Amino acid sequence: MIKNLQYLHIIVFTLSILVLVGLTCEASAHPVIIDSNPKQFQSLDSAPNEASVFFSEPIVLKFSQISVLDSGGDRVDRGTPSNVNGDLASLSIRLNENLTSGTYTVVTKVLSAVDGHVVDSSVVFNVGKGGVTFDQANITSKNVLDLLSIENALANIFGYVGHVVLIGA
């Protein structure tokens, strides 16, 4: 009888850990950049009309920001930020006409519509021949799953177990 009770405790504990690992992976998601236009480190011959950034999850447009800065730190964007074709996981802004050659940085601060976290990100691109040159051979795209850390999720298990023990499920 006592042996069966011990086995039951082990099974319940193991299942609890598995559930917590699954919840931890889901809870660690934040809006990360998965694409942009211009692309990260892209060198363009002529200036784009707008800058767009695409995220891994929907954002709250009203509480999100995007700006484009030149190498001197001055803003070169105009208008109001918007979603790209109604995509709630995107942010776009129009750029000033006739941008000069140089390096530009797209800076975003977005509020996740999924978990309420605010995340800062940036994308750097170059127009013309006057800016920084980027080594295109070393640029690779990242899958969203490559950006999320299973190690981080596993490290949070002890905190979740502690909460369950102290507060209860």
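Author: Two strands pair if DSSP finds at least two bridges between them; strands are DSSP runs of E with at least two residues, and helices are runs of H or I with at least four, both numbered from the N terminus. This is a predicted model, in which local features need pLDDT of at least 70 and side-chain atom pairs count only at pLDDT 80 or more, while totals for chains, interfaces and linings use all residues. Residues are numbered from 1 along each chain as its sequence is written, and side-chain values use heavy atoms, leaving out hydrogens and water.

Reader: In strand 8, which residue is the bridge partner of Ser43?

Author: Asn126 is the bridge partner of Ser43. Strand 2 (residues 43-44) pairs with strand 8 in the parallel sense, over two bridges.

Reader: In which sense do strand 7 and strand 8 pair, and over how many bridges?

Author: Strand 7 and strand 8 pair in the antiparallel sense over ten bridges. Thr103 is the residue opposite Asn126 of strand 8. The two strands form a hairpin with six residues between them. In the turn, Gly116 has a positive phi of about 80°.

Reader: How many residues of strand 8 are buried?

Author: Relative accessible area decides this: under 20% is buried, over 50% exposed, and in between is partly exposed (1.4 Å probe, protein chains only). Seven of the ten residues in strand 8 are buried, so the strand is mostly covered. Phe125 counts as buried because its relative accessible area is 0%.

Reader: How many aromatic pairs does a search of the whole structure find?

Author: Rings of Phe, Tyr and Trp (its six-membered ring) pair if their centres lie within 6.5 Å; planes under 30 degrees apart are stacked, over 60 edge-to-face, and the rest tilted. The search finds one pair. Tyr104 and Phe125 are stacked, with 5.7 Å from centre to centre and 25° between the planes. The pair links distant parts of the chain, as Tyr104 is in strand 7 (residues 102-111) and Phe125 in strand 8 (residues 118-127), 21 residues apart. Tyr104 is also buried, at 3% relative accessibility.

Reader: Which residues touch the most other members of the largest nonpolar core?

Author: A nonpolar core is a set of buried Ala, Val, Leu, Ile, Met, Phe, Trp, Tyr and Cys residues joined through side-chain atoms within 4.5 Å. The largest one has 19 residues, and Val68, Tyr104, Val106 and Phe125 touch the most other members. At least two core residues come from each of strand 3 (50-55), strand 4 (65-69), strand 6 (87-95), strand 7 and strand 8. Strand 8 gives the most, with four residues.
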